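Visitor: Could you pick one single part of this model and take me through it up close? I'm new to this, so please keep it friendly.

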Amino acid sequence: MAAYDPYHPGSRAVQDHVGVREFADHVGRSIGQGIRPVAAAFLELQPMLVLGAADRTGRVWASLLTGAPGFVRATGPRQISVAGGVREGDPLADTLAAGTPAASSAGVPVGEATGVPVGTIALDPRTRRRMRLNGRARPTPRGFAVEADQVFSNCPKYLQKRDHYEEVPRRAAGAARRSGQLHPEQRKFVEAADTFFLATVHGHGADASHRGGNPGFVRADSPSELSWRDYPGNSMFLTLGNLAADPRAGLLLLDWVTGTTLQLTGTARTDFEPDGGRTVIFTVTEVVETPGASPLRWSAPEYSPANPPLP
């Protein structure tokens, strides 16, 4: 039986470009297909989950899901179940309810798909821990379940600590504001962020990852373009590898106090610089801003000591 390889050609191409293939092979041994007891226990403590996928038209989005701890839990050695699903009106709601992807999102016809390729990330600001699980989602009577293809944890680098949260009584999501580009206040929202989530896809799956830094680390260079430095990480290059194979991407930014979310879909590319630095350029094609999308109010952040100073 061939050894399990967690990387596809896009990730391998970026690893080779940067010169880290050997180290990536070492780190990649942490990626498995099963959910260990410690990971299952971690999931059951979380009040939120971020999910990334392509919608029925092929656009890629990152969406926020919230619930009482236990709304996400392991229900098998390779399966998690999510109660409630995504919020009604979310760009991914119809896709997850149908349980089949757009034909272009997985390289197979819709009728032959065995679920929606999704990436998920559970991030706990209280402990600065995060866990990623990628696989295929199918609807269930209570929400949806994900059969895992990849399960792994990341180090706490660039993750801001927030000591506690409270659920705001009677906070409900407001009407979504949709547009084709960022309005001035939304550009300020972006540039005040210390965290965002990034959804990407490849020929056989999807991924959701985290990016963090001091406020200003992501720039809204114009109403239709964002950019950020790609800080050194675990050298797996799952996200940049996906973008090398398929430029579609989705961003999720969250106001940790008011619960407002900003979801962006578009395309992204990576600029590799002569000094070894990397910058990701994201081109916006659609914006969805939802006031009060999260019922959680988090405490003020303690910025990660790993955050590089801004230029």
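Guide: Let's start with one link: glycine 250 has threonine 265, in S15, as its bridge partner. Before we go on, this is a predicted model, where local features need pLDDT of at least 70 and side-chain atom pairs count only at pLDDT 80 or more, while totals for chains, interfaces and linings use all residues. Residues are numbered from 1 along each chain as its sequence is written, and side-chain values use heavy atoms, with hydrogens and water left out.

Our strand, S14, covers residues 248-254. A strand here is a DSSP run (E, at least two residues), numbered from the N terminus. S14 and strand S15 (residues 261-272) run antiparallel, joined by seven bridges. Together they make a hairpin with six residues between them, and in that turn glycine 259 has a positive phi of about 80°.

S14 has another partner too: strand S10 (residues 195-202) pairs with S14 in the antiparallel sense, over four bridges. One spot to look for is threonine 200, whose bridge partner in S14 is alanine 249. Strands count as paired if DSSP finds at least two bridges between them.

Now for the two faces. In a regular strand, side chains alternate between the two faces of the sheet. On one side of S14 you'll find Arg248, Gly250, Leu252 and Leu254, on the other Ala249, Leu251 and Leu253, and all are buried. Buried means under 20% relative accessible area (1.4 Å probe, protein chains only). Seven of the seven residues of S14 are buried, so the strand is largely enclosed by the rest of the structure.

Notes. Buried < 20%, exposed > 50% of the residue type's maximum accessible area, 1.4 Å probe, protein only.
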